[in-house]
Structure formats: C-alpha cells, structure tokens
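This report describes the architecture of a single structure, from its sheet to its helix contacts and its ligand shell.

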Amino acid sequence: MKDIIVIASGKGGTGKSTAAVGLGTSLTQFGNRVLLIDCDSGMRGLDIMLGVTQNLVFDIADAVSGSCTVENTVYPCPDKKGLFLMPAPLNAYDEVAPQILGQLVGGVSDIFDYVIIDSPAGVGSGFEAAAFPAKRALVVVNTEPTSIRGGQNVASKLRNCGIGDIRLIINRFNKNTFHKMALYQDLDEIIDITALQLIGIVPEDYSLAAALQAGKNSESRSPAMRAFLNIAKRIEGTLVPLMIH
Ligand SMILES: Nc1ncnc2c1ncn2[C@@H]1O[C@H](COP(=O)(O)OP(=O)(O)OP(=O)(O)O)[C@@H](O)[C@H]1O
Ligand SMILES: [Mg+2]
C-alpha cells in the first residue's frame with residue numbers, strides 16, 4: 001500500500017467526488033490498483049459516476065453486519081482497469097464508525113496501491129470516519145469565500161485527527177469568472193488564506209462533469225483530467241511544475 005488518502009472539503013459540492021474519480025482514474029494509468037471508498041452514507045454517488053450502479057449488490061454496511069465478505073463489496077469499474085469501488089451504505093443510519101472503517105481498510109491494504117476515501121461534506125461523524133484510516137488528505141475548495149472557509153475548518157479538523165500531510169486542490173477554476181467576481185486578487189491569495197500547500201488547480205470542465213454524471217469515461221485529454229493526471233504524478237512523487245494562472 002502506497003497511500004491512504006481522504007478527500008474532504010467542509011462545504012458541500014466543491015468537487016470531492018469528482019476529484020476522487022479523476023485522481024483514482026489517473027493513478028491507475030501508472031499501473032496502480034486503486035480502491036475508491038464512498039463514505040457518503042445515504043448520499044452515495046460514486047457508483048453513478050463510475051457506471052457501476054447496475055452491478056451493486058452489497059455495500060460497506062453489509063460487510064460490517066457480516067452479510068457478506070469485505071471482498072464482496074469491492075466492485076471493478078468497467079473500462080477502468082485497476083480501479084475499484086467500495087460503495088457507501090444506501091441508508092444514512094448505516095454509517096460506519098471510524099474504527100470499523102479503519103479495520104476494513106486494513107483488511108484490503110495488501111491488494112491495493114492506493115485507497116482514496118471520498119468524505120461527505122462537513123466535519124461531522126461521516127467525515128470523522130472517512131478521515132480515520134487516512135495517512136494524507138486532499139482538501140478541495142472553489143474560488144469562493146464560503147468554500148475557502150470550509151477548507152480552513154476541515155484542514156484544522158484533519159490536523160486534530162493526526163493527519164499532517166494536507167494538500168489543497170482548487171477546483172472549478174474559471175479564469176474569466178474569477179476575474180469578474182474580483183473576490184481575490186489572485187490564486188496566491190487563496191493559497192495563503194488556507195495555509196495549505198497546493199497540489200493542483202483543476203479547471204472548470206463541463207465535459208468531465210457531463211461524462212461522470214452519465215457514468216462514462218471522460219476524455220483523458222480534457223482540461224480537468226489533465227489536471228488530475230498532474231496531481232496523480234505529484235502524489236506518485238514526480239516533480240510536475242504547478243501552473244498558477
Ligand atoms: N472541474 C469541474 N468542472 C465543472 N463541473 C464540476 C467540476 N468539478 C465538479 N463539478 C460539478 O460540481 C458538482 C459537485 O461535484 P461533486 O459531486 O464532485 O462535489 P462533492 O464535493 O463531492 O459534493 P458533495 O459535498 O455533495 O459530496 C457536480 O455537478 C459536478 O459535476
Ligand atoms: Mg461527493
């Protein structure tokens with residue numbers, strides 16, 4: 001196992017699940033076996049984005065209750081060699097406790113290179129479970145003050161959970177909107193406010209959004225997928241220059 005990564009944000013809808021799929025898919029391109037764990041109990045969505053909904057029989061809650069083995073909850077993603085999904089419980093009241101998720105991740109650590117845990121929004125019990133097994137965190141923000149405050153809050157909670165390696169993804173970056181809104185002078189200002197090390201800027205890209213909502217593969221050369229590939233390279237330890245627009 002190379003790494004266990006939680007993707008968090010504080011504020012909802014910043015692009016955590018999109019980042020989980022984009023990054024997971026990109027990491028497989030270097031020969032990695034990647035498990036995506038959907039931790040958004042009652043609001044799961046990665047199965048739709050990965051096009052595996054029709055195949056789902058068991059989810060994390062079934063493994064916890066003993067209705068199936070942990071392996072039974074791991075689904076290969078069609079057309080995405082090396083990418084696997086462990087779906088979140090369908091019902092919110094089946095939310096998994098932090099230690100239990102830690103045990104589940106421990107149980108599959110031999111067979112995957114990366115585990116990426118998609119956290120629900122906020123800093124509640126679902127977030128705490130998602131963060132518990134993680135060694136590293138990616139905080140996803142958009143270029144808006146409410147989202148950035150959420151990023152600051154979640155980063156502070158991640159530190160309290162003992163995660164020291166926390167990187168920032170600025171998602172849905174649109175140069176024109178950014179300058180028109182004039183909320184910040186430049187992206188450096190956002191990076192300074194969060195006090196997090198930037199790992200990538202992902203452009204607004206409706207081709208990726210549309211592909212994922214349809215459960216299809218995105219064009220690997222789409223702007224957002226190129227950004228996720230660069231983030232994957234940085235996670236793999238390759239030096240790729242950051243481009244701050
Ligand atoms: N780079 C992007 N360009 C365009 N649309 C995007 C981008 N990233 C995410 N989106 C869109 O933003 C919406 C929210 O994305 P997503 O579901 O990944 O966020 P989330 O943080 O996981 O949300 P939640 O907090 O509800 O779990 C979706 O409609 C998605 O398609
Ligand atoms: Mg999500």
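## Sheet, helices and ligand shell

Strands β2 and β5 pair in the parallel sense, with 5 bridges between them. Within this pairing, I37 has I117 of β5 as its bridge partner. The model is a predicted one.

On its other flank, β2 is joined to β4 by 4 bridges, and these two strands also run parallel. Here L35 stands opposite F84 in β4. Strand β2 is mostly covered, with 5 of its 5 residues buried. The side chains of V34, L36 and D38 point one way from the strand, whereas L35 and I37 point the other way, and all of these residues are buried.

These pairings belong to an open sheet of 8 strands with mixed pairing, in the order β3-β4-β2-β5-β1-β6-β7-β8. The edges are formed by β3 (75-76) and β8 (197-203); each has a single partner strand, so one side of each is left without a neighbour in the sheet. Elsewhere in the sheet, β1 (residues 3-8) runs parallel to β6 (residues 136-141), and 4 bridges join the two. One of the pairs linking them is V6 with A137, its bridge partner in β6.

Helix α1 (residues 16-28) lies across β1, β2 (34-38), β4 (83-86), β5 (114-118), β6 and β7 (165-173). Relative to β5, α1 runs at about 170°.

| Helix pair | Axes come within | Crossing angle |
|---|---|---|
| α1 and α10 (residues 223-235) | 8 Å | roughly 65° |
| α6 (residues 145-160) and α8 (residues 187-194) | 9 Å | roughly 30° |

The crossing of α1 with α10 is right-handed. At this contact, G22, L23, S26 and L27 of α1 meet A224, M225, F228, L229, I231, A232 and I235 of α10. By class, the contact of α1 with α10 comprises 9 nonpolar and 2 polar residues, with no charged residues.

For α6 and α8, the crossing is likewise right-handed. The residues I148, G151, Q152 and A155 of α6 meet I190, I193 and T194 of α8. The contact of α6 with α8 divides into 4 nonpolar and 3 polar residues, and again no charged residues take part.

Which residues are closest to ligand 1? They are G12, G15, S17, T18 and A209, within a shell of 19 surrounding residues. The elements that give two or more residues to this shell are α1, β7 and α9 (206-213). By class, the shell around ligand 1 holds 5 nonpolar, 9 polar and 5 charged residues.

The loop between α9 and α10 contains S222. Leaving aside residues up to four places away in sequence, S222 touches D205, S207 and L208. By contrast, S222 and A88 are 28 Å apart in space, C-alpha to C-alpha, and 134 residues apart in sequence.

Notes
Residues numbered from 1 in each chain as written. Chains lettered and ligands numbered in written order. Predicted model: local features only at pLDDT ≥ 70, side-chain atom pairs only at ≥ 80, totals over all residues. Pairing = 2+ DSSP bridges. Contact = placed C-beta atoms within 7 Å. Axes fitted to C-alpha atoms, helices over the stretch in contact; angles between N-to-C directions. Left-handed = near helix turned anticlockwise from the far one by under 90°. Nonpolar A, V, L, I, M, F, W, Y, C, P; charged D, E, K, R; others polar. Near = placed C-beta within 6 Å. Buried ≥ 20, exposed ≤ 12 C-beta atoms within 10 Å, placed from the backbone.
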